[in-house]
Amino acid sequence: GTNAGGAKGALEQAEAETRNKIDTVRKFIKRMLADWEEELRQRPEAEKQSRVGKWKQAQHRQTRLDMKPLQRLLKQREVQPDVLEHLFFMTRYCEEKQYVKAHERYIDLAIGRACWPMGVTMVGLHERAGRTKIFSSQIAHILNDETTRRYIQMFKRLMTFCQKKHPTDPSQMVKIATEDMV
């Protein structure tokens, strides 16, 4: 009947939305890394050779390296839906120069709900002890995943670069403690 067609259409629409989100995030990462690399390349030779100059180059290299696993997940369309959702909004907010909102999304992703497995809620007092152990081990595993932690941090570094390259009204910007570090 007509209902099956509607369900199929909704699924196709959801897949198209996911593709769009993935493409948006992938383009942002590529563009920020390329813009940052270009900025580094255009520096005077003396600055490139200075201690700070070499440090900035190394920071870019490390960011590029640590973003590879995320880029692979995006390309293969295997990034977790909740993580993709946060990265997509972080990207969109950066593109709209709403850096405070982007930063809030980053905080939520880095230490908030998004790092918790799907379906985990507050463990009630009356639940069986065994079940609590299962959840806490899953959570610890996800939060201790070094690769994920690093690419989330590196995404933040790209957001910081984006804000520096495309400043806006100070009320929309995040104060960067280490202004000359990026």
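Which helix holds Lys 21? Lys 21 lies in helix 1, residues 2-41. Helices here are DSSP runs of H or I with at least four residues, numbered from the N terminus. This is a predicted model, in which local features need pLDDT of at least 70 and side-chain atom pairs count only at pLDDT 80 or more, while totals for chains, interfaces and linings use all residues. Residues are numbered from 1 along each chain as its sequence is written, and side-chain values use heavy atoms, with hydrogens and water left out.

Stay with Lys 21. Its relative accessibility is 15%, so Lys 21 counts as buried. Buried means under 20% relative accessible area, exposed over 50%, and partly exposed in between, with a 1.4 Å probe and protein chains only. The side chain of Lys 21 makes a polar contact with the side chain of Glu 85, at 2.6 Å. A polar contact is a pair of N or O atoms within 3.5 Å; within protein, one must be able to donate a hydrogen and the other to accept it, and residues adjacent in sequence count only if both atoms are side-chain atoms. Beyond its neighbours within four places in sequence, Lys 21 is in contact (heavy atoms within 4.5 Å) with Leu 84, Glu 85 and Phe 88.

Now turn to helix 4, residues 81-95, and helix 7. Their axes come within 10 Å and cross at roughly 10°. Axes are lines fitted to C-alpha atoms, for helices over the stretch in contact, and angles run from 0 to 180 degrees between N-to-C directions. Helix 4 is therefore roughly parallel to helix 7. Angles under 35 degrees count as roughly parallel, over 145 as roughly antiparallel, 65 to 115 as roughly perpendicular and the rest as oblique. Leu 87, Met 90, Thr 91 and Cys 94 of helix 4 meet Phe 155, Met 159 and Cys 162 of helix 7.

Helix 5, residues 99-111, also packs against helix 7. The two axes come within 11 Å and cross at roughly 175°. Helix 5 and helix 7 are therefore roughly antiparallel.

Finally, look at Leu 70 in helix 3, residues 51-75. Leu 70 is buried, because its relative accessible area is 0%. Leu 70 and Phe 155 are 85 residues apart in sequence, yet 9.4 Å apart in space, C-alpha to C-alpha. Not counting residues up to four places away in sequence, Leu 70 touches Ile 29, Val 79, Leu 87, Tyr 151 and Phe 155.

Terms used
Helices (H or I, at least four residues) and strands (E, at least two) are DSSP runs, numbered from the N terminus.
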